[in-house]
Amino acid sequence: MIEIKNLTISYKNNNGTFDTPAVQDVSFTIQDNETSCLIGESGSGKSTIMSAILGLLPLGTKIEGQILLDGVNLLTYDEEKFLSIRGKKISLIPQASLNSFTPVFTLGKILEELVTLHSKEKLTKEEIKNTICATLADCGLSSEFLPKYPHEMSGGERQRAAIAAALVTGCRVLLADEPTTALDVVTQDKILQLLKRLQKEKNLTILLVTHDLAVASSLATNFFVMEHGHLIETTTRDKIFVAPQAKHTKELVEAANFYRKNFVQNENTEKNQETESKWDKLTKWIKLIKKSLNVKI
C-alpha cells in the first residue's frame, strides 16, 4: 500500500527561490492489488507526484509531507536506498516507449541488464533468458523480439516491451505514465486489456497517470482528480460518470463522453468500412481471375 500524506512539492527557480508549489497538501491512498488513477489536465501535478514516489525529483526540490510504502516514509531515503526499491518493488512504464529504451541496445540486452541488476541472487544465463522469455510471453511478445532494436518495433510492440521491462524484475507496484499515448484506439484497447489481465494474474498495484478519462475508466477503479496542484476529488469508477462533484471532474467527464461519441466511434466505423472495402475489392479480383481462367464460380 502507498499512502500520500499532506504532500507539498515546490521547484527551485533560477533565482534560487521556490515557485508556487506544484503540488499542495495532497493526500490519498493507493490500495494493494488495485488499479488507481491520478487524473487531471497538463500541469496539474500528476507527474510531479509520480516522480516523487520514484525519488526522481530534481536536486534542491522542496518536499514536505510523507510518501509511505508499506509504512516506510520514502522521503527519508537517499539515492542508494531508492536504488534498493526502484525497479525491484516499484517500476515505471514511461510515456514515450521509443525514448525510454537505449537505441543502440537490443531488447534482449536491455532486459538482460535489468534482470542482472535487480535480481536478489546471481542467475545463470539460462535462468535469465527463461525469465525474460516468460515475461515477454506474458506481455504478448515472442522470443523473436529479443534481437530487435527499439526502432524496429511498432508502437504497440514497443509499449508491450516497455511493460515487460517494468515487470521482468518481479516488481509488485507499477506506475504507468500515459501508457497509451500516440497509439491508435485499437492498439490502446489492447494495451489496456493487457494491463488489466496482468494486474489480475500477478496481483499488481497500479497507479495510472493520465489526463484521459476515457482511457482511465476502462482500467482504474479508484480516481484521484488533480487541478492546479490540488487534489479536488477522490472517487470511484462507479461514481465519476454518474455523480462527479468538482467542476473540473465534470469537465473531464464531458470531454470523455465527447471523445467517445465523436472520435472513437467514427474511427472504428472508418476502420470497419476500410476492411469491408478491401474485402469487396479482393472478392471482385478473385471473380475476375476465375472468369479469365474459365472457372465456374
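Me: Before the labels, what do the values rest on?
Reply: This is a predicted model, so local features need pLDDT of at least 70 and side-chain atom pairs count only at pLDDT 80 or more, while totals for chains, interfaces and linings use all residues. Residues are numbered from 1 along each chain as its sequence is written, and side-chain values use heavy atoms, with hydrogens and water left out.

Me: How many helices and strands are in the chain?
Reply: The chain has 10 helices and 10 strands. Those are DSSP runs numbered from the N terminus: H or I with at least four residues for helices, E with at least two for strands.

Me: Why is R86 called buried?
Reply: Its relative accessible area is 17%. Buried means under 20%, exposed over 50%, and partly exposed in between (1.4 Å probe, protein chains only), so R86 counts as buried. By that rule, 41% of the 297 residues of the chain are buried.

Me: What makes R86 and E79 a polar contact?
Reply: Their side chains come to 3.1 Å. The definition wants a pair of N or O atoms within 3.5 Å; within protein, one must be able to donate a hydrogen and the other to accept it, and residues adjacent in sequence count only if both atoms are side-chain atoms. A polar atom of the R86 side chain also lies 3.4 Å from the backbone oxygen of G55. R86 is in the loop between α2 (79-83) and β6 (90-93). Leaving aside neighbours within four places in sequence, R86 is in contact (heavy atoms within 4.5 Å) with L54, G55, L56, E79 and H118.

Me: Which residues of α5 are buried, and why are they said to be on the same side?
Reply: They are I128, I132, T135 and L136. They cover an arc of only 100 degrees around the axis, so they sit on the same side of α5; the arc is taken from the directions from the helix axis to the C-beta atoms. The face turned away carries the exposed residues E126 and A137. The cover over the buried residues includes α4 (107-118) and α6 (155-167).

Me: What makes α6 mostly covered?
Reply: In α6, 11 of the 13 residues are buried. Its cover includes β6, α4, α5 and β7 (173-177).

Me: Which residues touch the most other members of the largest nonpolar core?
Reply: Among its 48 residues, they are L107, I132, L136, I163, L174, L213 and F223. The largest share, seven residues, comes from α6. A nonpolar core is a set of buried Ala, Val, Leu, Ile, Met, Phe, Trp, Tyr and Cys residues joined through side-chain atoms within 4.5 Å. Another core, of 27 residues, lies apart from it, with V23 and L38 among them.
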